[in-house]
Amino acid sequence: MSKPFKSLILIPARMASTRLPGKPLADIAGKPMIVHVAERAVASGLGRVVVATDSTEIKEAVEAHGLEAVMTRGDHESGSDRIYEALQLIDPNKEFDAVINVQGDLPTIDPALMKTALQPLIEGPADIATLGVEISDIQEKTNPNVVKIVGSPLAEPNKLRALYFTRATAPYGDGPLYHHIGLYAYRREALEKFVALGQSVLEIREKLEQLRALEAGMRIDVEVVQSFPLGVDTPEDLEKARQVLSR
């Protein structure tokens, strides 16, 4: 009998945001944004949820709401580096098989999306799994802030194998374009390999961390979902989140 697949949700959070200073602690309907994200992660039912931060203020705010946080170094270049340090601190005995990296600025995220993101690791050979949504807005197709997935459809519906991620409009020709949702599930050994690689040429050029994995020959599978979670990057986004969560 195979052992159950154990997953851990880690939420990287730091205070340094240029467009929205102090973003993780921004009040939304009486709670800091980071707390909303962590509570939604708990609601997914996938198991242990830990916020990984370099800020004592964030750690204290999370713990004040009965949730778990761990302090990590302040010099990490990316969220994946931060969650890898947190994983080593939390799980030195390597009990967890997979890590789900949930961004700390998704206060309205549907907990079911976290479960969906994990499926390719449970079901198949992927090293890393992530999410995408078909683009319906014409302007998004040419917007470089919208990251597109170039993927090859798999046998089952709504599943892709990622071949490339780009800010350009791609692929060319008739057919759907997919907007990448930056929520990742990593096999433990894949996360370990990923952070050890260092930045790759295409990663630096496109400013997309996931290209590092593809350039190293790692497999990323994508689950196509129906809706894009609201990410909070600007004061306008924050206002939208407040409207949604105060209903």
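Trainee: Which helix holds valine 201?

Mentor: Valine 201 sits in helix H6, residues 201–206. Keep in mind that this is a predicted model.

Trainee: Is valine 201 buried or exposed?

Mentor: Read the relative accessible area against the cut-offs. Exposed means over 50%, buried under 20%. Valine 201 has 66% relative accessibility, so valine 201 counts as exposed.

Trainee: Now aspartate 110. Where does aspartate 110 lie?

Mentor: Aspartate 110 is in the loop that runs between E6 and H4. Its relative accessible area is 42%. That falls between the two cut-offs, so aspartate 110 is partly exposed.

Trainee: What does aspartate 110 do at the end of H4?

Mentor: Look for a side-chain oxygen facing a backbone nitrogen. Aspartate 110 caps the N-terminal end of H4. One of its side-chain oxygens lies 2.9 Å from the backbone nitrogen of alanine 112. A polar contact needs N or O atoms within 3.5 Å.

Trainee: What separates aspartate 110 from glycine 231?

Mentor: Along the chain, 121 residues. Between C-alpha atoms, 12 Å.

Trainee: Which residues of H4 are buried?

Mentor: H4 covers residues 111–123. Its buried residues are Pro111, Leu113, Met114, Ala117, Leu118, Pro120 and Leu121.

Trainee: Step back to the whole chain. How many helices and strands does the chain have?

Mentor: The chain has 8 helices and 11 strands. Its radius of gyration is 17 Å, close to the 18 Å that the globule rule gives for 247 residues, so the chain is as compact as a globular protein of that length. The C-alpha trace spans about 50 × 45 × 35 Å along its principal axes.

Trainee: What share of the residues counts as buried?

Mentor: Of the 247 residues, 51%. For the surface, ask which atoms supply it. The chain exposes about 12,000 Å², and carbon and sulfur atoms supply 50% of that area.

Trainee: What share of the contacts comes from residues 24 or more positions apart?

Mentor: Count the contacts with a separation of 6 or more. Residues 24 or more positions apart account for 68% of them.

Trainee: How many positive and negative side chains are there?

Mentor: There are 28 positive and 35 negative side chains. Then compare the centres of the two sets. They lie 1 Å apart.

Notes. Residues are numbered from 1 along each chain as its sequence is written. This is a predicted model: local features need pLDDT of at least 70, side-chain atom pairs count only at pLDDT 80 or more; totals for chains, interfaces and linings use all residues. Side-chain values use heavy atoms; hydrogens and water are left out. Helices (H or I, at least four residues) and strands (E, at least two) are DSSP runs, numbered from the N terminus. The radius of gyration is taken over C-alpha atoms; the globule rule is 2.2 Å times the number of residues to the power 0.38. Buried means under 20% relative accessible area, exposed over 50%, partly exposed in between (1.4 Å probe, protein chains only). Contact means heavy atoms within 4.5 Å. Accessible areas come from the Shrake-Rupley method with a 1.4 Å probe; for residues, only the protein chains shown count as cover. Lys and Arg count as positive and Asp and Glu as negative; His and the chain ends are not counted. The place of a charge is taken as NZ of Lys, CZ of Arg, CG of Asp or CD of Glu. A polar contact is a pair of N or O atoms within 3.5 Å; within protein, one must be able to donate a hydrogen and the other to accept it, and residues adjacent in sequence count only if both atoms are side-chain atoms.
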